[in-house]
Amino acid sequence: MAVEEAKKVEVAPECAPEAPVVCDKEDEKAIVPVEPLVHEDKPVDDAKALVVVEKPAEDCDEKPKEGSINRDEVLAKVATEKKEALIKAWEESEKSKVENRAQQKLSSIGAWENSKKAELEAELKKIEEDLEKKKAKYIEKMKNKIALIHKKAEEKRALTEAKCGEELLKAEEMAAKCRATGETPKKLLGWF
């Protein structure tokens, strides 16, 4: 029975080693003093003894005065910190969604702009090709007209030179006839 009592003995964490120990037995409650265990055959070496270190007063302020009140405050503080963290995460998520949507919209606008530019450049190139074809066609027509004018001019020159040659020949014949007959030409007097 003494063994059972020794197993059920609980030591309070804040009490000194010589403080009484409460025995948890249903039918009797007794206070049993506990003495520190010291071996008499070996001398005690104080160099290896444990030293109690006290925390500064600043850390002691945080210790709860009343357990449940401070616990509720701590739980409320943890809950608010959790809410703040969730709100911050949601905010950053929403911001990134908005930025992604804006980037996607800007990307689609850029793609639209590039496609419209490409369409207009293709249309401009087609118009330039058509204009080049028309220009070549008009240049060819103009060259043909120039060649035709040159041909007509050559014909007129040839005709004028031929007529001039005929008139010179006629004038020479008339001069030879006038010399042979001794008469003066009639047209010479018509000039005056």
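Helices (H or I, at least four residues) and strands (E, at least two) are DSSP runs, numbered from the N terminus. By that rule, this protein has three helices and three strands. From the N terminus on, they run α-β-β-β-α-α.

This is a predicted model, in which local features need pLDDT of at least 70, side-chain atom pairs count only at pLDDT 80 or more, and totals for chains, interfaces and linings use all residues. Residues are numbered from 1 along each chain as its sequence is written, and side-chain values use heavy atoms, with hydrogens and water left out.

**Confidence**

pLDDT is the predictor's confidence in each residue, from 0 to 100. The protein averages 77. A score of at least 70 is reached by 61% of the residues. Helix α3 (residues 67–181) has the highest mean, 93. Strand β1 (residues 9–10) has the lowest, 44. Over residues 1–27, pLDDT stays under 50. For that stretch, the model has 25 contacts beyond four places in sequence. A contact means heavy atoms within 4.5 Å.

**Surface and contacts**

How much of the protein is buried? Buried residues make up 3% of the 192 residues. Buried means under 20% relative accessible area, exposed means over 50%, and partly exposed lies in between (1.4 Å probe, protein chains only). The accessible surface comes to about 19,300 Å². Carbon and sulfur atoms hold 59% of that surface. These areas come from the Shrake-Rupley method with a 1.4 Å probe; for residues, only the protein chains shown count as cover. Now take contacts between residues at least 6 apart in sequence: 3% of them join residues at least 24 apart.

**Salt bridges**

Side chains of opposite charge can pair when their charged atoms come close. A salt bridge is a side-chain nitrogen of Lys or Arg within 4 Å of a carboxyl oxygen of Asp or Glu. The structure holds five. Among them are these:

| Glu 113 | Lys 117 | 3.7 Å |

Why can Glu 113 and Lys 117 be about one helical turn apart? Because they are four residues apart in helix α3. Glu 119 and Lys 116 are three residues apart in helix α3, so about one helical turn separates them too. Glu 154 and Arg 157 also lie in helix α3, three residues apart, about one turn of the helix.

Are these side chains buried or partly exposed? Glu 113 is partly exposed at 38% relative accessibility, and Lys 117 is partly exposed at 43%. Glu 119 is partly exposed at 48%, as is Lys 116 at 36%. Glu 154 is partly exposed at 38%, and Arg 157 is partly exposed at 43%.
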